[in-house]
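I opened the model and kept notes as I went. The entries below follow the order in which I looked things up.

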Amino acid sequence: MADREEISRGLAECLEYKQIGVLIGRDPSVVSREVARHGGRGGYRAAAAETAAAVSRRRPKTWAVERVSGLREVVRERLRLGWSPASIAGRLPFDYPDDQAYRVSHEAIYQWVYAQPVSTLARELIGLRTGRTARRGGARPAPAPRIREPRYLD
């Protein structure tokens, strides 16, 4: 919090990121990212930045697909139709151009799919297009016997 207050004071004094970085003992890029992440030069407030950072640090986080129920339904329906996560992620900005909540990466869709129990995916007929079989648990087969004392031919 003390660093954030120093950043706020530095911005009020119209200091450069380099100067603020020297004051708090941080790299200028750290200061720049902090300011950009929490409102920019004109809107940066230390208390609001601290609160936002605390919220973003919370665990466990909800999956990106789960944050908006409409997005979850769109993704679920398109997976049922055989779309790939990359196709879904690429098409969402065209189908919902004015809604930033409907922006999700293909990696986020994969994470959401793999986090679901297998029974849920099977019940909802969701499968990925790869066609590969799911991993099977259980005991591994015994290793092949080893030759204990090899005999060398003379």
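I call it a salt bridge when a side-chain nitrogen of Lys or Arg is within 4 Å of a carboxyl oxygen of Asp or Glu. The model is a predicted one, and I read it with that in mind.

**Entry: salt bridges**

I began with the charged side chains. Side chains of opposite charge can pair when their charged atoms come close. How many salt bridges does the count come to? I got 12 salt bridges by this rule.

Which residues are linked in a network? I found Arg 4, Glu 34, Arg 37 and Glu 50 linked through salt bridges.

Next I took some pairs one by one. Arg 9 forms a salt bridge with Glu 6, and their closest N and O atoms are 2.5 Å apart. I placed both residues in helix α1, residues 2–12. They are 3 residues apart, about one turn of the helix. Arg 9 has a relative accessible area of 42%, so I logged Arg 9 as partly exposed. Glu 6 is at 28% and also counts as partly exposed.

Glu 77 and Arg 80 meet in a salt bridge at 3.1 Å, N to O. Both lie in helix α6, 3 residues apart, again about one turn of the helix. Glu 77 is partly exposed at 37%. Arg 80, at 36%, is partly exposed as well.

Then I looked at Arg 72 and Glu 66. Their salt bridge has its closest N and O atoms 3.0 Å apart. Is Arg 72 buried or exposed? Its relative accessibility is 18%, and buried means under 20%, so Arg 72 counts as buried. Glu 66 is partly exposed, with a relative accessible area of 28%.

**Entry: α6 against α7**

I moved on to helix α6 (residues 69–80) and helix α7 (residues 85–95). Their axes come within 11 Å and cross at roughly 130 degrees. I recorded the crossing of α6 past α7 as right-handed.

Which residues meet here? From α6 I listed Leu 71, Val 74, Val 75, Arg 78 and Leu 79. From α7 I listed Pro 85, Ile 88, Arg 91, Leu 92 and Asp 95. By class, the contact of α6 with α7 has 7 nonpolar, no polar and 3 charged residues.

**Entry: backbone in the loops**

I turned to the backbone. Most residues other than glycine have a negative phi, and most peptide bonds are trans. I looked for departures from that.

Cys 14 has a phi near 60 degrees, a positive value in a residue other than glycine. I located Cys 14 in the loop between α1 and α2 (17–24). Cys 14 counts as exposed, at 66% relative accessibility.

Where is the cis peptide bond? I found it from Arg 59 to Pro 60, with omega near -5 degrees. Pro 60 sits in the loop between α5 (46–57) and α6.

**Entry: Gly 39**

Last, I checked Gly 39. This residue lies in the loop between α3 (28–37) and α4 (40–43).

Methods
Residues numbered from 1 in each chain as written. Predicted model: local features only at pLDDT ≥ 70, side-chain atom pairs only at ≥ 80, totals over all residues. Heavy atoms only, no water. Helix = DSSP H or I, 4+ residues; strand = E, 2+ residues; numbered from the N terminus. Axes fitted to C-alpha atoms, helices over the stretch in contact; angles between N-to-C directions. Left-handed = near helix turned anticlockwise from the far one by under 90°. Contact = heavy atoms within 4.5 Å. Nonpolar A, V, L, I, M, F, W, Y, C, P; charged D, E, K, R; others polar. Buried < 20%, exposed > 50% of the residue type's maximum accessible area, 1.4 Å probe, protein only.
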